[in-house]
Amino acid sequence: MDFGELLAGRRSTRHFDTDRDVDDDVLARVLAAPLAMPHAGNTYDWRGVVLRRRDRDPAMWPAVYSALLEQSYVEEAAAVVVWAVQPGWWAERYRANIAELVERGLIDPARHRGLLAMVETGPEGVMALSTLLIGEAMMGVAAAMLAALDAGLGATVTACRPAELAAALGLPDGAAVCPAGVLALGWPAAGAAPPPAGGAPKPPLDDMYFEGRWGAHE
C-alpha cells in the first residue's frame, strides 16, 4: 500500500474478530518493524511482551486486563504487545556500542569523547533517562502499528496503568512499561461500523507548526 494512503486510512480498531488468529509470519513482520527505527547508540534496550489470545494464562490475564483499563477491544485482540524499557542497561550498552562505531569509522574520536562524557554524567539533568528511552521506544510502537495496518490487520495503541501492568507481567526491578506503549492487534470484526468518510477531522497544519520560533507564522 502507498505510504500516504496508509497514513490517511489509519483508524483505531475497536472491535476484533475473535474467531480469527494472526498467523505467526504476519505477527513476526509486525514485531520486526520497530527494529528499523533509530535508538541512541544502537542500544535497543526496550523489550516487548507478546500476549496471544490463544495462549492466555487464565491466572495472569485478569490482572493484565485490569491494568489495561478493561477495554473490550483488548479482550478481543488476537495479540497484545506491551513495550517496556530498561534504563539500567543503557550506559553499559551505549559505551560499548559507541566504541564499536568509532572502530568502524562511523563516528570520529572527538565526538566519541563527548558521547562518553554524556554517558558518565547521564541526561538526568535534562530529563529522566526512562523518559528518553520511552520516547525512543514509542517510535517502534508506531512502526509496529503501521506494519500491522499494511498487513491488513487492525491495530490500536492503548493506555494502561504502567506500574500495575509491570507487576502483572513480572517485569524486573528498574524496568518501566511505556505508558502508551501497548498495541492491540487482530483482524477487524466483520460488520463493524466503518469509520466516517475522511475519519476524524484533522487540524490545519498552520495550527500545528510554527516557523523559526514558538508562536511565529509566515
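**View 1. The side chain of T158 meets the side chain of Q71.** The two side chains make a polar contact at 2.6 Å; that term means a pair of N or O atoms within 3.5 Å, where, within protein, one must be able to donate a hydrogen and the other to accept it, and residues adjacent in sequence count only if both atoms are side-chain atoms. This is a predicted model, so local features need pLDDT of at least 70 and side-chain atom pairs count only at pLDDT 80 or more, while totals for chains, interfaces and linings use all residues. Residues are numbered from 1 along each chain as its sequence is written, and side-chain values use heavy atoms, with hydrogens and water left out. T158 sits in strand β3 and is buried, with 3% relative accessibility. (Buried is under 20% relative accessible area, exposed is over 50%, and partly exposed is in between, using a 1.4 Å probe and protein chains only.) Leaving aside residues up to four places away in sequence, T158 touches Q71, Y73, V74, P179, A180, G181 and V182; touching, or contact, means heavy atoms within 4.5 Å.

**View 2. Four strands line up in an open sheet.** What order do the strands take in the sheet? Go across and you read β1-β2-β4-β3, with antiparallel pairing. Strands here are DSSP runs of E with at least two residues, helices are runs of H or I with at least four, and both are numbered from the N terminus. Two strands pair if DSSP finds at least two bridges between them. At the edges are β1 (46-52) and β3 (154-158), each pairing on one side only. On average, neighbouring strands are turned by 20 degrees against each other, direction ignored; axes are lines fitted to C-alpha atoms, for helices over the stretch in contact, and angles run from 0 to 180 degrees between N-to-C directions.

**View 3. Strand β2 runs alongside β4, and helices pack on the sheet.** β2 (residues 79-85) and β4 (residues 176-186) are antiparallel and joined by 6 bridges. Pick A79, and its bridge partner in β4 is L185. Helix α2 (residues 24-32) packs on the sheet and touches β1, β2 and β4, with its direction at about 155 degrees to that of β1. Helix α7 (residues 129-150) packs on the sheet too, touching β1, β2, β3 and β4, and its direction makes about 5 degrees with that of β4.

**View 4. Helix α7 from end to end.** Its 22 residues reach 32 Å from first C-alpha to last, close to the expected 32 Å; the expected span is 1.5 Å times one less than the number of residues. After α7 comes G152, with a positive phi near 90 degrees.

**View 5. Two cysteines, C160 and C178, with their sulfurs 8.7 Å apart.** A disulfide needs a pair of cysteine sulfur atoms within 2.5 Å, and the count comes to 0. C160 is buried at 11% relative accessible area, and C178 is buried at 0%.

**View 6. L69 and E70 in the loop between α3 and α4.** Most residues other than glycine have a negative phi. Here, though, L69 has a positive phi of about 70 degrees, and E70 has one of about 50 degrees. L69 is partly exposed at 37% relative accessibility, whereas E70 is exposed at 53%.
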